[in-house]
Every structure is written in structure tokens, then in C-alpha cells.
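Please read this briefing alongside the sequence and the structure.

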Amino acid sequence: MATSFPPPILLFFVILVITTVSKSIAVSPDQTPKTYIFRIDSSFKPTIFPTHYHWYTSEFTPSPTILHVYDEVFHGFSASLTPSQAASVLKHPSILAAFEDRRRHLHTTRSPQFLGLRNQRGLWSESDYGSDVIIGVFDTGIWPERRSFSDLNLGPVPARWKGVCQAGVRFTTKNCNRKIVGARFFSKGHEASPGFGGFGGGINETIEFKSPRDADGHGTHTASTAAGRHAFKASMEGYAAGIAKGVAPKARLAVYKVCWKGAGCFDSDILAAFDAAVTDGVDVISISIGGGDGVSSPYYLDPIAIGSYGAVARGVFVSSSAGNDGPNGMSVTNLAPWLTTVGAGTIDRNFPAYIILGDGRKLSGVSLYAGLQLDGKMYSVVYPGKSGVLATSLCMENSLEPSAVEGKIVICDRGSNPRVAKGLVVKKAGGVGMILANGASNGEGLVGDAHLLPTCAVGASEGDAIKAYAASHPNPTATINFGGTVVGIKPAPVVASFSARGPNGLNPEILKPDMIAPGVNILAAWTDAVGPTGLDLDTRKTEFNILSGTSMACPHVSGAAALLKSAHPDWSPAAIRSAMMTTATTIDNNFHPMIDEATGKPSTPYDYGAGHVNLGLAMDPGLVYDLTNSDYVNFLCAIEYGPKTIQVITRSPVNCPARKPLPENLNYPSIAAPFSSASTGVSSKTFFRTVTNVGEANAVYSVKVEAPKGVGVAVKPSKLVFTEKVRKLSYFVTVTADSKNLVIGDSGAVFGSLSWEDGKHVVRSPIVVTQIDPL
């Protein structure tokens, strides 16, 4: 389905003041305790108290109610309080902000080579495979016994590491090693949440481990994607057979379990993990977590934005997933400009399956089913959805009548319940196979699943064709064949249909997502606690599993950042992101513009940001767009946050410049120019950018512009001359749009690019021009 916007795009900017935040905690007749996160101005702390904890428990709330104390990335605490108690705490003059704890969700091997990594030369060898860089993974924990986490032939734990190996259920200090250098779990926010045991309740240890051990599988998968060891054979029940390796095989892992099976991930626990990770000494943080409600909170109400700012301000690169709500426009999450936001693309590997209809037609789909085959036998096909009952069309629990589906292949519509759960419903009802059909919202985007019965997932057009056949034929029949693993697929990469899309719903001057990376059908290590589907009734055990999502794309960039950090220890998080963005590719392996899986048409920067990561070029980008803490503060001033509001994010008091900055002048490696739809005639915007030469000292770069359709782009100067003494140079970009000539299409914008070239390097930035309604 095409990603479209009502022209012109209407963007809502939520600029609130702290008093509004305070009033969000209203006293109500319901006095059920809730978890609140309080941001404190630490300058109010009396010197009589030795620690912030002593101050908080003495002056704000009794110690039993405090869940976490935050000191490193954030000054404050979280506590389980009644609304009346919370309102009382808010009266204290040191309180900068307060907000209720919120539950977030996970954004649920050939991929390193597909990033442009090769064994003998390039970034792997130059960085020694990421050796001694420490990646902190915020997820569901880890299954430490997997071969992907062996410390064989690794050197000693880096001396700067200050973390711990926290013991718990089925996890001891011996489960850490020179690969898994530390592990912690954070459950207090989860345990205090109403509906998940209540305050003082416990982890459901029939399905979970109160420890860093992974009961879900997601954390093990993301950790091994980023930094799994290599050089042994791996597959998932025969699929994707090859040599297992993470992006940074020698990087060290620090595990921060903040997500709990069936319960999600709570802001108070995530913020505590940020605090611990920075104190522990990680170099990179990988967080495949987002809101999941389609709404992006302003930065000062978003603990991921707050915690990541504190990390980035201390030199830690933070990679985050863009979300899986694509192909809807403005669905991208994790929008803070100090975060690196990663969407998902395909790789050149697929797992084809085929549906053979009784009339001889052969329709293609995908599957990871590895059980007993149908062996070409034809079975009756039935579509329960023809009754018009939504639950039966979706194959929801207990919705299928055994008499109607027994011994048949059942067509189920995608949506609402998990894809693999639909197969279990069909199996319980006596069906012999399942055809999983996309609807219009999923289009032709397909992901493989390790189903419990013979299953083929098909796109919307194939699904409609099969349903039409089942409805029109007096005795419809079909069988399902499985094609195993096929490599060398073209075109690739393709932007995954589920990958969240721009524009940025908070600040359209900052293009998000930043880039895409492999996120479809990714093979990585898996827990022993559940089978590959994650269903309770799936008793299969597998060392590896194949998953899809921006959750899988994010750790690819986390591992890439570890390699770049190892090769260039002096690079800032912004420089590392810039290197990946300006060298990213927008061309597939057919040498054509990347396709959007949802539409089959060329994709745009709203889909892929700067492009697909290409680490073969990122090691030597030529120029980088760097950013400092003061640059981010100026950006927050530019979007009209006041000093107290900004302090919620930055921890330290700030002063905004007397002359108000412009948000579009943040030194970002992309250029987004939103014009007012109310403007008539000619309008222009001028952008200021500074580049730092990280290549050969004496270099001359010339500009090349591909202007968006109907837009003028002028760059001054048009040539940048670097010497041993001149490492930084600035330039201006003026974007001019005439309302008579500017034609905004279905994508909501027109697109172009600006590149600086010296004969060796191409330092490319996307240009996006759009119209927005005035407030």
C-alpha cells in the first residue's frame, strides 16, 4: 500500500512547559499506587545528606517506596506512590518534572557481509573485529551458554570496565566471562506496575528468570547480532546455513535486562539501565525498544531520549530501532537527534515457499517451516473469513470450527494475533496447513516464521488471488512446497514494509530514520527457554533463530559503531553516525534505486534516511558532521524549550543564547526544509553546516547537487580546501521553493541530495523539501 499523506502534511509540535508536566499528576478518588519518575534539581540538596538517596528518603518519600535512584545520566528517583502522595512531592521546589512510568515494547549469517564487511581487508581487520569495545545491550537478557558468547582467545576484560555480574535465578557470576563482561537486571518498575503483580509482587518465575538469563530469546538474538563470535557452522533447522558471526565478533557484551516476557519494558527500569551502563563504562548502547503506541512524546517526557542524552554527552554511541509501524507515514519513533535511529531492509537471502493451486497456478511466498512435508499431496482449501466474522478470518484463539477445517489447508488473514499463533490455532482445530495472507496494510512485505505446521506466507495480491480461487471453485485444493534457502536474491536491499517511516513528527527539520540496516530474516543465537516461535506449546530447541524487525536492524548498527569506535577511538558518537550516514547507499544490487517493499516503487529518504549502511566505506568517510553537547542544547533552545525544561534532559542548568538558534542549523548529516503551506510565491531557507576532515590532511572537495524537483539549491562556497592546519570548514546551503513549481506527491515531499567529492570520497547528504500547515 502506498505511503501517503493528506496534502499538505499537518505536523503537531508539542511544546509544553514544566508546569504542564506537574499538572499531569492529578489527585483522583482512585488511590492505587503508581510508579512516578521525578526529575530533581540536585543543587537543592542540603550538604547534611551524604547521598541523594538519603535526601530523597528523608525529604520526599519513605525508602520502601523508592524503586531507583538516578545519579549518572539523570538526577532523580522513581517511586511507587499514590496520586495524592505524588502530588505532595511535586510541591517541593527542587522538582523539575514528573511523569508516570510507561510500558514500552520490543521492536520485534549473511548480514555482516551485506553491510560491506569482508574478512581479509577493511573495517574488520582495521578495528581488530571490535576488540575491547564494550556494547551494552538493553533487552530481555542473554543465554550465556551459546557458542556465540564464547571468550575463547579473547584478551582480558578492558581495565576501564567497572560493571558487575549480577547473580540471580539460574545465573551466577560464572556465567560472565571475557566476552560477557557484565550483566544486570532491572525489575523494580515492572514489579511495581499494577496488573503485573502490583507493588511488592514478584516476577512470574514459571515463565521468567529473575536474573539476566533470557526467557524470551529477543535479547540473546540482538546481542549475538551485534557481537556474536564467528567461525562455526550455524542454521535454524537447516535454514540459512553458514558461518555464524556478529557484526563486531570480538567486541565485549554488557547485558542490561530491562524487558520481561509478556510484560514489556518500563521507563523507570530503562532509565536505571542507562544510569548503570554509563557508570559501568560501555562504549555503545543498543536499545531495540520503543513506545509502540504511534505517539512520540516530547524529549523531556521520554526517558529513552533523556537517558540516551546523558550517555551521548559522555561519549557513548546509542543505537535505537525506528519501530515496526511502517509503511504508515510519520510512524518512526526514537526521534531525539542525539539518538541514531535505524530502520530495516532486506538482505540478499530468502526462504521461498510455493502454493500450488488445483487449477495449476503456482504462487510464491516465504516460510521457515522445517517439519514433515505435504509431499505434493493436494488438500482442500478453506477461507473461514468468507463468513464475515473478523475473528475467524484472523484465525484467533478458539475461532475455528474443527468440522470446517479438519484435514484442510486454512487461509488466515495477517493481523491482531501473532503470525505463529494463527498456525497453532489451525493445528489445534485439525488443519493440515496454513496460508497466511497479507492485507492491504502489509502489502507485499513478507517475513519468515518457524511455524508449527506447513505454512506459506503470501503478499496481499497472492492472498486475494487464493481467496478468489477458493470462493469461485466448487472444490478448491492446494499444496505447499518449501524451497529452503536461496542466496543472491535481487533486488536487495529493499526497504522492509514494516520499517517505520518519516517524516519526523516532532521536529521535521531533523530527518528520521537516520539509516537502514539488515532487519529481515536475520539468523542469530536463541534462548533454550522457548522454541523458535516463542509459543508456550512449542517445545522445539534451537541454538539459532531467524527473526525480523527493526529490533534486528538496530544491533547491526550497534556492532558497526563498535567497529568504527575501535578503528577511530577519538571519534564522537555524532562523528560515527555521520560516517555511516554520508557513506550509506541508496542503490540496490541491480544498480537501481532501492525499492519500497510495500509499494514496489522507488523508496525515499522518508523510508531509508540517508540510505543502507555500507561499512566498507564508513571506515574512511573523508568528512564528518560533528556535534557537541552545546549544539544539542542550542537545538533544544531553538524548538522553544525553556532552561528548566532543557535541564530535565541535560541534568545541568543551561542558558539559551540571546539570539534564538534555528533548529535546521543543527549540524546534522541531512538537510530537511519544511516550508509553510500558507506561503505563496518564492520562499527560501538557508542552512549552515560544518564538516571536519578525517581523511588526508591536504584535500580539496567540490560540491555536487541533485536538487529536488521544482526546488533550487545553492551552496556557498562550492569548494572546500583543507590543509594540515585547516581541519574544519563551514558552508551555507540555500533552498528556494516557488509555490507555483513545487509539486508535493504522495510521499509528502520532494527529495534530492548534496555531495562533497574529492575524487576518492563522496560525502552525501539527503535533501528533503516539504510543506507543513502553520500552527
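**Loop residues and backbone geometry**

Arg 651 lies in the loop between helix H19 (643-650) and strand E32 (671-676); helices (H or I, at least four residues) and strands (E, at least two) are DSSP runs, numbered from the N terminus. The model is predicted, so local features need pLDDT of at least 70 and side-chain atom pairs count only at pLDDT 80 or more, whereas totals for chains, interfaces and linings use all residues. Residues are numbered from 1 along each chain as its sequence is written, and side-chain values use heavy atoms, with hydrogens and water left out.

- Although Arg 651 is a residue other than glycine, its phi has a positive value, near 80°.
- Arg 651 counts as partly exposed, at 22% relative accessibility; buried means under 20% relative accessible area, exposed over 50%, and partly exposed in between (1.4 Å probe, protein chains only).
- Asp 375 is not a glycine either, yet has a positive phi of about 55°.
- The loop that holds Asp 375 runs between strand E19 (362-366) and strand E20 (379-382), and this residue counts as exposed at 69% relative accessibility.
- Gly 502 and Pro 503 are joined by a cis peptide bond with omega of about 10°; Pro 503 is in the loop between strand E26 (494-495) and strand E27 (515-518).
- Another cis peptide bond links Lys 716 and Pro 717, with omega of about -10°; Pro 717 belongs to the loop between strand E35 (711-716) and strand E36 (719-722).

**The chain as a whole**

- The secondary structure comprises 19 helices and 39 strands.
- The radius of gyration of the chain is 26 Å, close to the 28 Å that the globule rule gives for 775 residues, so the chain is as compact as a globular protein of that length. The radius is taken over C-alpha atoms, and the rule is 2.2 Å times the number of residues to the power 0.38.
- Along the principal axes, the C-alpha atoms fill a box of roughly 80 × 65 × 60 Å.
- Of the 775 residues in the chain, 60% are buried.
- The chain exposes about 28,100 Å², of which carbon and sulfur atoms supply 54%. Accessible areas come from the Shrake-Rupley method with a 1.4 Å probe, and for residues only the protein chains shown count as cover.

- The largest nonpolar core has 109 residues, among which Tyr 256, Tyr 299, Trp 338 and Met 580 touch the most other members. Such a core is a set of buried Ala, Val, Leu, Ile, Met, Phe, Trp, Tyr and Cys residues joined through side-chain atoms within 4.5 Å.
- Helix H8 (residues 267-280) gives the most to this core, contributing 8 residues.
- A second, separate core contains 31 residues, including Ile 355, Val 381, Val 458 and Ala 478.
- In helix H3 (residues 83-90), the buried residues are Pro 83, Ala 86, Ala 87, Val 89 and Leu 90. Viewed down the axis of H3, these buried residues fall within an arc of 160°, so they line one face of the helix; the arc is that of the directions from the helix axis to the C-beta atoms.

**Aromatic and charge-over-ring contacts**

- The count of aromatic pairs comes to 25. Rings of Phe, Tyr and Trp (its six-membered ring) pair if their centres lie within 6.5 Å; planes under 30 degrees apart count as stacked, over 60 as edge-to-face and the rest as tilted.
- Tyr 56 and Phe 60 form an edge-to-face pair, with 5.9 Å centre to centre and 65° between the planes; both Tyr 56 and Phe 60 are buried.
- One aromatic cluster is formed by Tyr 299, Tyr 300, Tyr 309, Trp 338, Tyr 632, Phe 635 and Tyr 641.
- Arg 39 lies over the face of Phe 74, at 5.1 Å from the ring centre. A charge sits over a ring if NZ of Lys or CZ of Arg is within 6 Å of the ring centre and within 35 degrees of the ring normal.
- The charged end of Lys 685 is placed over the ring of Phe 675, 6.0 Å from its centre.

**Residues apart in sequence**

- Phe 99 is part of strand E4 (residues 95-100) and is buried, with a relative accessible area of 6%. Between Phe 99 and Thr 35 there are 8.7 Å in space, C-alpha to C-alpha, and the two are 64 residues apart in sequence.
- Leu 617 belongs to helix H17 (residues 615-618) and is partly exposed, with a relative accessible area of 47%. Leu 617 and Ala 584 are 8.1 Å apart in space, C-alpha to C-alpha, and 33 residues apart in sequence.
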